[in-house]
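Me: I have just opened this entry and would like to go through it step by step. Could we look at it together?
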Amino acid sequence: MIMYKCPHCGNESISLFKKADLDLRYKSKCKNCGKKYGLSSYSYLLDLIFVWGCFLIQNTSFTVPLKIVLGILVLLVDKLFNILFVPIVKK
Ligand SMILES: [Zn+2]
């Protein structure tokens, strides 16, 4: 299991799933030191790309099931980018 370090105490207390699930609107607490951390504001850019992607999909002439599949794919890519590129910062 891949773990990420807390920006406060450096303890590897943040799981991959936790990081994928982080949201700019909510702050999470470190299990080790209890201090708050969250995603860097880069995450806003990813959210914009995600919204834009959904908008593009909605405006295609694809069938509804295909739009749903594409929407899920865009969401997965958004999560993946969050995991790979957005650093965890102190809040
Ligand atoms: Zn900590």
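Me: How many bridges join β4 to strand β5, and in which sense do the two run?
Reply: This is a predicted model. In it, β4 and strand β5, which covers residues 88-90, are joined by 3 bridges and run antiparallel. Within this pairing, L39 stands opposite I88 of β5.

Me: Which strand pairs with β4 over 2 bridges?
Reply: That is β3, made of residues 28-29, which pairs in the antiparallel sense with β4, residues 36-39. Here K29 is the residue opposite K36 of β4.

Me: What sits between those two strands?
Reply: The hairpin of β3 and β4 has 6 residues between its strands. One of the residues in this hairpin, G34, takes a positive phi near 80°.

Me: What share of the residues is buried?
Reply: Buried residues account for 10% of the 91 residues.

Me: Now the helices. How do α2 and α3 pack?
Reply: Helix α2 spans residues 42-58 and helix α3 spans residues 64-85; their axes lie 10 Å apart, at an angle of about 170°. Angles over 145 degrees count as roughly antiparallel, and α2 and α3 are therefore roughly antiparallel to each other.

Me: Which residues meet there?
Reply: On the α2 side, the residues include L46, F50 and I57, and on the α3 side they include L70, V74, L75 and F81. By class, this contact of α2 with α3 has 8 nonpolar, 5 polar and 2 charged residues.

Me: And where is T63?
Reply: T63 lies in the loop between α2 and α3.

Me: Is T63 buried or exposed, and why?
Reply: T63 counts as exposed, because it has 9 C-beta neighbours inside 10 Å, and the cut-off for exposed is 12 or fewer.

Me: One last point: of contacts between residues at least 6 apart in sequence, what share joins residues at least 24 apart?
Reply: That share is 51%.

Definitions and conventions:
Residues are numbered from 1 along each chain as its sequence is written. This is a predicted model: local features need pLDDT of at least 70, side-chain atom pairs count only at pLDDT 80 or more; totals for chains, interfaces and linings use all residues. A residue is buried if 20 or more other C-beta atoms lie within 10 Å of its own, exposed if 12 or fewer, and partly exposed in between; C-beta atoms are placed from the backbone. Two residues are in contact if their C-beta atoms, placed from the backbone, lie within 7 Å. Axes are lines fitted to C-alpha atoms, for helices over the stretch in contact, and angles run from 0 to 180 degrees between N-to-C directions. Helices (H or I, at least four residues) and strands (E, at least two) are DSSP runs, numbered from the N terminus. Angles under 35 degrees count as roughly parallel, over 145 as roughly antiparallel, 65 to 115 as roughly perpendicular and the rest as oblique. Ala, Val, Leu, Ile, Met, Phe, Trp, Tyr, Cys and Pro count as nonpolar, Asp, Glu, Lys and Arg as charged, and the others, Gly among them, as polar. Two strands pair if DSSP finds at least two bridges between them.
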